[in-house]
Amino acid sequence: MTTLDKFSLMPVSSPVSLPVSRQTKLMAKRRLLQMHYEAGVGHIGGNLSSLDALLVLLNEFVTPGDELILSKGHSAGALYVALWSCGRLTEESLKSFHQDATLLAGHPPAGRIDGIPFATGSLGHGTSLAAGIALGARFQSTGNQVFCVTSDGEWQEGSTWEALIFACHHKLKNLKIFVDHNELQGFGDTTSVASMAPLAARIEGFNAHVSEIDGHDLEALRTAANLECDTVHVIIMNTVKGSGVSFMENQMKWHYLPLNDDQYEAAMLELEAP
Amino acid sequence: MRNQFAEAIVERSANHDMVFLTGDLGFMALESVQEALGSRFVNAGVAEQNMISVAAGLSYTGLDVWAYSIAPFCYARPFEQIRNDIALHNLPVTLVGNGGGYGYGVMGPTHHAIEDYGVLCTLPNMKVCVPVFDEDLGGAVQWIKSDKSPSYLRLGRGEKPDGYTPPAFAPWRQLCAGQGPVIVAVGPLAGGYLDRVQNLPEHERPNLWAACVLPIKRALPPRVFVEQLGASTKLIVAEEHVQTGGFGADLLMWLTSEHIGVQDFVHMFAQSHSYDAYGSQTYLRQKSGLDAQTLMQHLTDT
């Protein structure tokens, strides 16, 4: 019996219907870990910190015509799993993650998958792209909403602030920016590398409407996504890198490392429903 | 060319769902566009990276999107945004760079654009237009929007002999004919050269061509041009662009692929981003050997 066969004895549930529940979260986390484990790739920590928001947005808020931009493209796995959870990606496609001839690359691909409007991965692009789509929707009176999920380290990119200035100036109330504020970046924590604290206050200084929430609280995510503002709404999601897997939580190394066999087994056991 | 460009945009805006972005530039040039487009004329401020990605987002929604700035601010500063957000997704955004080549003259090399189209032509799906004459802008705008791919429009200063009526816009145009060498000049240079060579005796007069589209695969040289090459001993290519990645290199690659030989090839190009002193576009062309006097020497050199 191979390792893969062994863990296939703990099957991942099939995609769910609305709304996102605690069981949905667990199922999605398990499928995310399985996908990364089978592909032997990392970036797991930031995937787990943003997964809950992506699940809620894609299952409950992104309706036809709306768009979601994952600006933190290194959380592509979470995006794929969230799209799978609402039936927009197949189980078969998830199995191709990170393989040759796949469309499910390590960062969201360009123009080939419904639900992924733009290829991202280089940080600091997504907020501007989302602002452009939001402005286009306004010009054409479509009423469509645009959701953008950024990292927190990404706010060190000057272009992200350019985008914020633009979005606030144009009062893009159909744009909601969710910041995955897990406080860890590539080679340190955000306050020790290049602090922007207090991030919420600084963003608010540009006249955005800012909310701070627990980014793993489903109800808080819903409330934030539902809130109607007269300008762009920036939601600072206080999150935990590696959320839900005790030995991954708040550990920078899980920005990079793939799971070995023992770690995978331990993580999956933690994510079993009680 | 800015005024003619503005006229062409205003005309197009009547029939197209257009958005025009500017990076806080256009005084005394784009007011008519602003008036015609109203809220669809967006001053994106001094934030070119954002402007380009916003342009991509707007284009994604189906709008006809133009993004304007001084040339280097339009392609060099936001290069990654052009690559990732526009070119990679084959979005039909048009970047408009004013002051191509040494157009900003004594303003200095931070404002020059002598590697613009070479850099941009490395990107997927990108096409480039370098109008020759002020009268080209209507045709140039039509050509750029003739297919749904990203594009770069390099604006300069139209140059032509007094009283000359340019032929209608086309990617390749022969401006004068004779028995001398074959010259291809990219963009406005061609008009300036015409003034100098059109009255030469026929046996000395070159076959002067104006080219304005890149990469060359977008508009291959016409058969008569190739026939002239076969009858000539010299091909001169002139462009206000660095040697690497320019029109000359692209043309030579194509000629080689077609097994068309050239006995003597002369490439006149922008020699440097900076010289020992600053000066006007005319001064910098002279320093680069792009002036008409240097062209005349190449015509007679054996």
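**Confidence.** Chain A has an average pLDDT of 92. Of its residues, 93% score at least 70. Residues 1–17 of chain A are another matter: pLDDT stays under 50 there. The model has 30 contacts beyond four places in sequence for this stretch. Where pLDDT is low, the predicted coordinates should not be read in detail.

**A helix pair in chain A.** Helix α3 (residues 44–61) and helix α10 (residues 218–226) of chain A have axes that come within 10 Å. They cross at roughly 55°. That angle makes α3(A) oblique to α10(A). The crossing is right-handed. From α3(A), the contact uses A:Asp52, A:Ala53, A:Val56, A:Leu57, A:Glu60 and A:Phe61. From α10(A) come A:Leu218, A:Leu221, A:Arg222, A:Ala225 and A:Asn226. By class, the contact has seven nonpolar, one polar and three charged residues.

**The sheet in chain B.** Seven strands of chain B form an open sheet with mixed pairing. Their order is β2-β1-β3-β4-β6-β5-β10. Strands β2 (41–43) and β10 (213–214) of chain B stand at the edges. Each has a single partner strand, so one side of each is left without a neighbour in the sheet. Inside the order, β5 (residues 127–129) and β6 (residues 151–155) of chain B pair in the parallel sense over three bridges. In this pair, B:Lys127 stands opposite B:Ser151 of β6(B).

Two helices of chain B lie across strands of the sheet.

| Helix | Strands crossed | Angle |

Notes
Residues are numbered from 1 along each chain as its sequence is written. Chains are lettered from A and ligands numbered from 1 in the order in which they are written. This is a predicted model: local features need pLDDT of at least 70, side-chain atom pairs count only at pLDDT 80 or more; totals for chains, interfaces and linings use all residues. Side-chain values use heavy atoms; hydrogens and water are left out. Axes are lines fitted to C-alpha atoms, for helices over the stretch in contact, and angles run from 0 to 180 degrees between N-to-C directions. Helices (H or I, at least four residues) and strands (E, at least two) are DSSP runs, numbered from the N terminus. Angles under 35 degrees count as roughly parallel, over 145 as roughly antiparallel, 65 to 115 as roughly perpendicular and the rest as oblique. A crossing is left-handed if the near helix is turned anticlockwise from the far one by less than a right angle, and right-handed if clockwise. Contact means heavy atoms within 4.5 Å. Ala, Val, Leu, Ile, Met, Phe, Trp, Tyr, Cys and Pro count as nonpolar, Asp, Glu, Lys and Arg as charged, and the others, Gly among them, as polar. pLDDT is the predictor's confidence in each residue, from 0 to 100. Two strands pair if DSSP finds at least two bridges between them.
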